[in-house]
Amino acid sequence: MRALIILFSLALSISTFAQNDRYTAAMEKAVGELQAAEQTRDFSAPANTFERITAAAPEGEWLPAYYQSYCHIMQAVGAMQQGKPDQITAFLEKAQGALDKAKEISPENPEILALQGYIYTGHIWADPMGNGPMYSPQSVAAYQTAIEAGPDHPRAYHLMGMHLFYMPAMYGGGPERAVSYLEKAAERFESYEPASPMHPAWGSYFNQQLLEQATAKLEKEEK
Amino acid sequence: MKPTYFLAAFLILTTALNGQSILAGRVLTGKTDPAVGANLYIKGTFEGTSTDADGQFHLPYLPGDSLTLVVSYIGFQQLEKQIPIGKDSLWLEFRLKPQASELQQVVISAGAFEASDEKKAVLLKPIDIVTTAGSNGNIVAALNTLPGTQSNAEDGRIFVRGGDAHETQTFIDGLRVPNPYTSNVPDLPVRGRFSPFLFKGTSFSTGGYSAAYGDALSSALVLQTKDLPEASVTSLSMMTIGAGVSHTERWENSALSAGVDYTNPGPYTRLVPQNIDWEDPVTAQGAQVGFRQKMSNGALLKAQANAQWSGFSMRHPLPENPTEQSLLSLQNDNYYGSATYHQLIDEEWQLDAGLAAGYDSERIDQRFSVDRSNAMMQGRAVAIRYFENDWALKLGTEWIHSDFEEHYQDTESDIQSAFQEDYISAFAETEGYLGEKIALRAGLRAERYNLLDANRLSPRLSLAYKAGQGGQFAFAYGHFYQAPQQDWLRFTQNLSPERADHYLVNYQYRKGGRTIRAELYHKEYQNLVQFPAGTPWLAENSGEGYARGLDLFYRDRVSIPNGDFWVSYSYLDTERHYEDFPVAATPDFAAKHNLSVVYKHWIQELQTNVGLTYTLGSPRPYDDPNTPRFNDLRTPTFQDLSLNLSYLTELFGHFTIVHASVSNVLGFEQSFGERFGNQPDPNGRFTSTAIRPPAPRFFFVGVFVSIGEGSTFSN
């Protein structure tokens with residue numbers, strides 16, 4: 001009997017261990033896929049992988065839903081570059097669904113709040129004149145909330161800078177306003193340490209690019 | 001512990017690992033299209049795969065217990081399938097159904113044109129109304145570019161499908177607005193009183209509308225004011241014809257706004273040639289206050305009040321005496337205030353309630369004087385019950401009290417008239433889906449016209465049927481009643497409500513930024529006010545008529561890069577035998593053909609939006625009392641091309657729009673027939689004056705500055 005109990009508890013701990021282990025392994029593989037996708041710009045594979053992990057993730061893990069949402073936003077970026085406004089909306093709706101799950105698990109998380117702003121910004125790409133009036137103030141507000149929730153996280157600054165960079169000056173955007181956020185983002189990309197290798201670490205390369213473009217534009221304007 | 005246990009466990013484990021089977025198959029959207037990159041996974045595990053370019057997949061699995069396979073693909077409904085135990089390998093084929101997203105969902109569409117930021121399946125956005133060339137911030141002018149409307153540029157109001165202007169009622173947040181237009185004398189066009197920037201949603205129904213609205217024979221224009229503004233902002237406007245300033249202060253859960261404006265086109269009319277000999281062109285002062293409060297229970301309270309004082313005087317001949325100019329003046333005071341309360345009580349119940357009051361007084365002098373006043377009070381409450389299966393039941397009631405007084409004086413007569421009207425109504429309406437393809441809205445409205453001592457019951461029905469991807473058929477039917485116009489009620493109240501029955505069939509197809517829409521309608525009028533010429537006090541409800549036609553609409557946001565256009569065409573066949581018509585005839589406000597082309601182009605390099613609106617109205621009939629036949633003359637064809645430019649820029653670091661517009665760019669000869677006097681001259685002939693627009697062309701330049709962080713697009 002004693003042996004049975006030991007065996008049972010052993011099996012149980014093995015299975016919990018195995019589940020966590022499997023989760024970690026799946027996440028590591030998925031983050032690898034995501035890193036590859038950052039090069040190929042085809043995010044469909046990591047989007048699917050993270051969706052699977054989200055569906056079966058251990059309780060309290062917000063990262064799979066967060067990354068799933070991020071992948072769908074990247075797919076929306078792809079749709080924008082191909083000039084397919086209907087697809088932008090479809091991807092963003094799916095991104096929103098995943099982000100809502102992440103929010104439920106971790107409500108005041110600055111990384112998740114920043115991604116919320118990114119989704120709002122994305123809706124503007126689908127129809128700038130039609131969606132701009134409603135979504136632009138919402139995305140700016142979301143980035144501000146994210147910055148308040150985590151002032152040392154770089155991505156909310158980065159996304160706010162990106163949003164302002166592409167927003168015409170008369171709506172309150174333009175390179176000058178963008179630069180101040182992109183610079184703050186650059187400082188934080190230097191200093192910020194992700195909690196684990198699996199935690200969000202994207203954005204620094206694009207931030208650098210945007211910063212260079214914005215500075216170049218400013219210099220051109222001064223001349 | 002015996003080692004055999006471990007051995008057994010190990011054996012089971014390894015057997016399972018080696019005994020992998022393969023699930024394979026294909027995922028399709030529709031009949032043959034492969035779903036590329038669809039996600040397949042085993043529920044509760046991290047195991048899964050994606051489909052390849054042919055929609056095919058291979059997924060190794062452990063044939064232990066039964067398992068559930070999940071298929072997920074963007075834009076399509078998620079699918080789950082139980083895979084039975086004991087099979088080694090399986091070939092599976094999945095056909096995915098499109099997701100019932102808002103855009104693809106079947107919607108009640110017959111008769112309605114909606115503009116909204118919140119809903120997706122709408123044809124217009126609020127910004128589309130604001131940027132329509134020729135509208136100059138006038139909602140009504142923008143709506144007149146939609147099918148089903150008849151351009152009556154000398155009048156300015158909305159005429160829908162052979163209906164007179166008063167057959168369209170305007171509702172703001174559910175409450176009826178008694179005087180939605182600015183006050184004017186005949187043949188001088190009016191404008192909508194309310195700025196389009198106040199509204200987040202517009203629903204313009206050209207027929208078959210919901211039981212929630214009544215006392216309108218032809219059309220309901222339903223406007224929804226904005227909720228809490230995003231941020232504090234100060235707006236300044238400087239225009240060729242006036243100036244304005246407003247400020248909105250936003251707090252955590254509330255906002256207060258106040259503004260004043262002043263219009264005086266005096267200097268402008270001296271610079272630009274006018275058809276009218278102004279003594280004092282239309283000057284107006286306006287003041288607005290608005291308040292929004294979000295309550296702790298999530299409810300939203302909105303209150304607003306507007307006051308407008310306007311007047312003008314001009315030298316204008318009476319039709320009886322076309323050679324002599326006499327001074328005509330008008331003075332109008334208008335006040336309107338409303339408060340509404342909106343609360344989602346729980347997941348099942350929603351409550352909307354509102355109160356409004358208004359007062360309008362008008363004085364016209366020209367060798368006679370008319371003093372007219374209208375006071376109005378109303379209350380409205382609507383409860384909505386939402387059911388789990390996507391059905392909703394709306395129950396509502398409203399009461400509108402109005403008080404009319406008029407005093408007419410000339411050298412020979414002195415007539416006073418006054419009456420009070422109480423209109424009480426209750427309605428019930430249910431809306432929902434019968435399966436995936438059919439949407440249904442059915443309602444019943446009971447109305448009490450106290451002054452006329454009449455009770456009426458009107459059924460309303462609307463159906464939509466989804467036909468393929470992006471396409472849908474819709475049908476609407478309803479009875480609509482309306483009290484006779486005050487013009488007749490002041491002579492006799494021994495009348496009944498007028499009635500119109502609507503029948504509409506509609507087809508709509510939308511795909512990727514293009515929408516095409518066609519609607520056939522038939523409208524049957526009965527119980528219209530009728531009287532022998534010159535004796536309105538003998539009026540009875542013996543008049544009748546019909547209107548039928550075809551409305552076409554095409555909108556395209558994608559074919560021209562940075563360009564957006566819509567084309568509206570309306571064909572109308574209508575006759576009435578009503579008022580003082582001696583025979584059944586087409587009324588003078590109804591044109592057989594109406595065409596509008598609205599084009600907007602965004603020029604990125606110049607940060608400028610260019611808009612062009614072309615309008616065409618075929619000749620309309622009017623009557624020459626000197627000829628024996630009724631309504632036998634025709635106005636010339638009406639054409640207009642309006643152009644506007646909006647340049648977006650910064651002024652001292654504040655968001656600024658410089659807006660310029662000009663009407664009748666091509667200089668079309670615009671005239672609207674003649675107006676004849678009521679009395680023949682000594683020779684027994686009726687003389688007339690020509691009806692022309694106030695000016696051959698209208699130029700407008702304005703600068704609009706928004707100061708504050710929430711400056712984006714607010715005005």
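UniProt positions are given here in the numbering used for the model, and the annotations may be inferred rather than shown by experiment. On that basis, the UniProt record places the feature "domain: TonB-dependent receptor plug" (unreviewed entry) at residues 136-215 of chain B. The structure described is a predicted model. Over residues 136-215, chain B is 6% helix and 18% strand, and the end C-alpha atoms of this span are 30 Å apart.

A further feature of chain B comes from the UniProt record, "domain: TonB-dependent receptor-like beta-barrel" (unreviewed entry), and it is placed at residues 267-664. In this span the content is 2% helix and 71% strand, with 21 Å between the end C-alpha atoms. The domain assignment of chain B gives domain 1 (16-96) and domain 2, which is made up of 112-271 + 283-707. The C-alpha centres of domain 1 and domain 2 of chain B are separated by 56 Å.

Chain A contains nine helices and zero strands, and its pattern along the sequence reads α-α-α-α-α-α-α-α-α. Taken along the principal axes, a box of roughly 85 × 40 × 30 Å holds the C-alpha atoms of chain A. For this chain, the domain assignment gives domain 1 (20-107) and domain 2 (129-223). The centres of domain 1 and domain 2 of chain A, taken over C-alpha atoms, lie 21 Å apart.

Two helix pairs of chain A were examined. Helix H3 (residues 63-81) and helix H4 (residues 85-105) of chain A pack at an angle of about 165°, and their axes are 8 Å apart. Because of this angle, H3(A) is roughly antiparallel to H4(A). The crossing in which H3(A) passes H4(A) is left-handed. On the H3(A) side, the residues that meet H4(A) include A:Tyr66, A:His72, A:Ile73 and A:Met80; on the H4(A) side, the residues that meet H3(A) include A:Ile88, A:Phe91, A:Leu92, A:Leu99 and A:Ile105. By class, the residues of the contact of H3(A) with H4(A) comprise 14 nonpolar, five polar and two charged.

The second pair is formed by helix H8 (residues 175-191) and helix H9 (residues 204-222) of chain A, whose axes come within 9 Å and cross at roughly 145°. H8(A) also passes H9(A) in a left-handed crossing. Among the H8(A) residues that meet H9(A) are A:Pro175, A:Val179, A:Leu182, A:Glu183 and A:Phe189. H9(A) contributes residues including A:Asn207, A:Leu210, A:Leu211, A:Lys217 and A:Leu218. The contact of H8(A) with H9(A) has 11 nonpolar, four polar and three charged residues.

The contact between the chains takes 29 residues from chain A and 31 residues from chain B. On the side of chain A that touches chain B, at least two residues each are supplied by helix H1 (2-40), helix H2 (44-56), H4 and helix H6 (128-149) of chain A. H2(A) gives the most to this side, with eight residues. The class composition of the side of chain A that touches chain B is 19 nonpolar, five polar and five charged residues.

Definitions and conventions: Residues are numbered from 1 along each chain as its sequence is written. Chains are lettered from A and ligands numbered from 1 in the order in which they are written. This is a predicted model: local features need pLDDT of at least 70, side-chain atom pairs count only at pLDDT 80 or more; totals for chains, interfaces and linings use all residues. Axes are lines fitted to C-alpha atoms, for helices over the stretch in contact, and angles run from 0 to 180 degrees between N-to-C directions. Helices (H or I, at least four residues) and strands (E, at least two) are DSSP runs, numbered from the N terminus. Angles under 35 degrees count as roughly parallel, over 145 as roughly antiparallel, 65 to 115 as roughly perpendicular and the rest as oblique. A crossing is left-handed if the near helix is turned anticlockwise from the far one by less than a right angle, and right-handed if clockwise. Two residues are in contact if their C-beta atoms, placed from the backbone, lie within 7 Å. Ala, Val, Leu, Ile, Met, Phe, Trp, Tyr, Cys and Pro count as nonpolar, Asp, Glu, Lys and Arg as charged, and the others, Gly among them, as polar. Domain bounds come from an automatic or database domain assignment.
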